[in-house]
Amino acid sequence: MVGVGARSGAPADEVLALVGAVLAEAGVPPERVRALATVAAKGREPGLLGAAEALGVPLETYDAERLAAVAVPHPSARVRTATGTPSVAEAAALAGGGVLLVPKRASRGPGGGPGRVTCAVAVQAD
């Protein structure tokens, strides 16, 4: 499962670039992705929907309460304030079960500044 967090207005190309980089880092081919997952409040974000469509997978959403109950290695007070859960990308990746393969990574914005997207990858344990 690929968990994705995004600020409002993050474009699909930024989501796809980060997801592609994280999958490459993990050695996971894009065709093995079964879904992108995020917090329910972001379920109508055009950038996330566009990225899921481009990958040919659904965008699955989870309530903030469910994500808040998932133990993650990199919780964030800022994310909790914004979304109601201390993690979106890692928690969404883990919400369907499995183990974290790639912890949260963040995109880079124009000029190398902070980006608007985070991504994490979990895989089902064998």
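Which two strands form a hairpin, and which residue in the turn has a positive phi? Keep that in mind as you open the model, which is a predicted one.

**Stop 1: the hairpin**

Select E4 and E5. These two strands form the hairpin, with 5 residues between them. Now click on Gly111 in the turn, where phi is positive, at about 75°. Strand E4 covers 99–108, and strand E5 covers 114–123. The two pair in the antiparallel sense over 6 bridges. For one of these pairings, pick Leu100, whose bridge partner in E5 is Ala122.

**Stop 2: the whole sheet**

The open sheet has 5 strands, in the order E3-E2-E1-E5-E4, and its pairing is mixed. Look at the edges next. E3 (59–62) and E4 stand there with a single partner strand each, so one side of each has no neighbour in the sheet.

**Stop 3: E1 beside E5**

Select E1, residues 2–6. E1 pairs with E5 in the antiparallel sense, over 5 bridges. Two positions show how they line up. Val2 stands opposite Val121 in E5. Ala6 stands opposite Val117 in E5.

Then bring in helix H2. H2 packs on the sheet and touches E1, E2 (36–39) and E3. The direction of H2 makes about 165° with that of E2.

**Stop 4: the largest nonpolar core**

Show side chains. In soluble globular proteins, nonpolar side chains tend to be buried together. Here the largest nonpolar core holds 21 residues. Val2, Val4, Val15, Val19, Leu23, Leu36 and Val117 have the most contacts inside this core. E1, H1 (12–26), H2 (46–55) and E5 each give two or more residues to the core. H1 gives the largest share, with 5 residues.

Center on Val4. Beyond its close sequence neighbours, Val4 is in contact with residues including Val15 and Val19, as well as Leu36, Leu48, Val88 and Val117. Ala37, Thr38, Ala89 and Thr118 are also among its contacts.

What lies apart from this core? Another core, of 17 residues, does. Select Tyr62, Val88, Ala93 and Ala122, which are among its members.

**Stop 5: the largest pocket**

The largest pocket has a volume of about 420 Å³. Its lining is made of 24 residues. Ala6, Arg7, Arg78, Val79 and Thr118 are the closest to the pocket centre. E1, H4 (77–83), H5 (89–94), E4 and E5 each supply at least two residues of the lining. Which element gives the most? E5 does, with 5 residues.

**Stop 6: Glu90**

Finish in helix H5, where you will find Glu90. Is Glu90 buried or exposed? Glu90 is buried, because its relative accessible area is 1%, under the 20% cut-off.

Now show what surrounds this residue. Leaving aside neighbours within four places in sequence, Glu90 is in contact with Val72, Pro73, His74, Leu100, Pro103, Lys104 and Ala120. Draw a distance line from Glu90 to Pro73. Their C-alpha atoms are separated by 8.1 Å, and the two are 17 residues apart along the chain.

Key
Residues numbered from 1 in each chain as written. Predicted model: local features only at pLDDT ≥ 70, side-chain atom pairs only at ≥ 80, totals over all residues. Heavy atoms only, no water. Core = buried A, V, L, I, M, F, W, Y, C linked by side-chain atoms within 4.5 Å. Buried < 20%, exposed > 50% of the residue type's maximum accessible area, 1.4 Å probe, protein only. Helix = DSSP H or I, 4+ residues; strand = E, 2+ residues; numbered from the N terminus. Contact = heavy atoms within 4.5 Å. Pairing = 2+ DSSP bridges. Axes fitted to C-alpha atoms, helices over the stretch in contact; angles between N-to-C directions. 1 Å grid on protein atoms, 1.4 Å probe; cavity = no way out; pocket = protein on both sides within 12 Å on 5 of 7 lines; lining within 4 Å. Points joined across faces, edges and corners; volume = space filled by probe spheres on them.
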